[in-house]
Amino acid sequence: SWRRLRNLSFLQVVKMLILASSSPQRKALLKQIGIDPIVVPSEIPEEVEGNNVRGDITLLAKQKLEAVLSSLLTSPEIAGELKEPCWIIAADTVVVCKEEVFGKPEDESDAKRMLSSLSGTRHSVLTAVHISRLCRSSENLVEDSRAEIAETYVDFISMNPADITWYLFTEEWRGAAGGYR
């Protein structure tokens, strides 16, 4: 249980971590702390409305995790390779500015629209994370599961059209909520 793990570092108890995301940034963050995750992206559409953003992204992270868990369980060759304790982590991030929710831009013109809207504002970046520990001895296979949400406030510089054009040229906007990193 989580109480037994309190005195151990996460690295001491992680034998296998599955990242339910194709995000190179999330993988790089895990590698920075010494974890080389197995990447198994989910195919869950990332759609968030403006009514209950926190609830929506938390549910989306959970759905991503459950989709990857389901695909693992239906693939005998992968399920047989799971080492305990095995963890699955999924996350979703959105940017919220003036009650508008920005996910990942669909294309360069969408990124330009997002960057123009965010220019010179203070806005929030919300990330929901869902993590589960798998255990073969449990009837459900998932022994422990937790969800958390973090909010960060960002003061975004004012960008003129030339700044936005230059940033779009870097292609850093691809795959990033709000169109920036």
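## Aromatic pairs

The structure holds two aromatic pairs (rings of Phe, Tyr and Trp, with its six-membered ring, pair if their centres lie within 6.5 Å; planes under 30 degrees apart are stacked, over 60 edge-to-face and the rest tilted). One of them joins Trp-166 and Tyr-167: the ring centres are 6.4 Å apart and the planes meet at 55 degrees, so this pair counts as tilted.

Are Trp-166 and Tyr-167 buried or exposed? Trp-166 is exposed at 58% relative accessibility, while Tyr-167 is buried at 13%. Here buried means under 20% relative accessible area, exposed means over 50%, and partly exposed lies in between (1.4 Å probe, protein chains only).

## About the model

This is a predicted model, in which local features need pLDDT of at least 70 and side-chain atom pairs count only at pLDDT 80 or more, while totals for chains, interfaces and linings use all residues. Residues are numbered from 1 along each chain as its sequence is written, and side-chain values use heavy atoms, leaving out hydrogens and water.

## The overall fold

The chain has seven helices and six strands; these are DSSP runs numbered from the N terminus, helices being H or I with at least four residues and strands E with at least two.

Of the chain's 181 residues, 41% count as buried. Contact means heavy atoms within 4.5 Å. Among contacts with a separation of 6 or more, 67% link residues 24 or more positions apart.

## Helix α4

Helix α4 covers residues 53-73, which makes 21 residues. From first C-alpha to last it reaches 30 Å, close to the expected 30 Å; that expected span is 1.5 Å times one less than the number of residues.

Which residues of α4 are buried? They are Val-53, Ile-57, Leu-60, Ala-61, Lys-64, Leu-65, Val-68, Leu-69 and Leu-72.

## Nonpolar cores

A nonpolar core is a set of buried Ala, Val, Leu, Ile, Met, Phe, Trp, Tyr and Cys residues joined through side-chain atoms within 4.5 Å. The largest one here has 16 residues, and Val-95, Leu-115, Leu-118 and Tyr-180 touch the most other members. Two or more residues each come from β3 (86-97), α6 (108-118) and α7 (161-170), with α6 giving the largest share, four residues.

Now look at Val-95: beyond its neighbours within four places in sequence, its contacts include Phe-102, Leu-118, Val-125 and Tyr-180. Another core, of 12 residues, lies apart from the largest one and has Val-40, Leu-69, Ile-88 and Leu-134 among its members.

## Cysteines and a serine contact

How many disulfides are there? The count is zero, where a disulfide is a pair of cysteine sulfur atoms within 2.5 Å. Cys-86 is buried at 1% relative accessible area, and Cys-97 is buried at 4%.

Ser-132 sits in strand β5 (residues 122-134) and is buried, with 1% relative accessibility. Its side chain makes a polar contact of 2.8 Å with the side chain of Ser-145. A polar contact is a pair of N or O atoms within 3.5 Å; within protein, one must be able to donate a hydrogen and the other to accept it, and residues adjacent in sequence count only if both atoms are side-chain atoms.

## A loop residue

Asp-36 belongs to the loop between α3 (24-32) and β2 (38-39) and is exposed at 56% relative accessibility. Leaving out residues up to four places away in sequence, Asp-36 touches Lys-27 and Lys-31.
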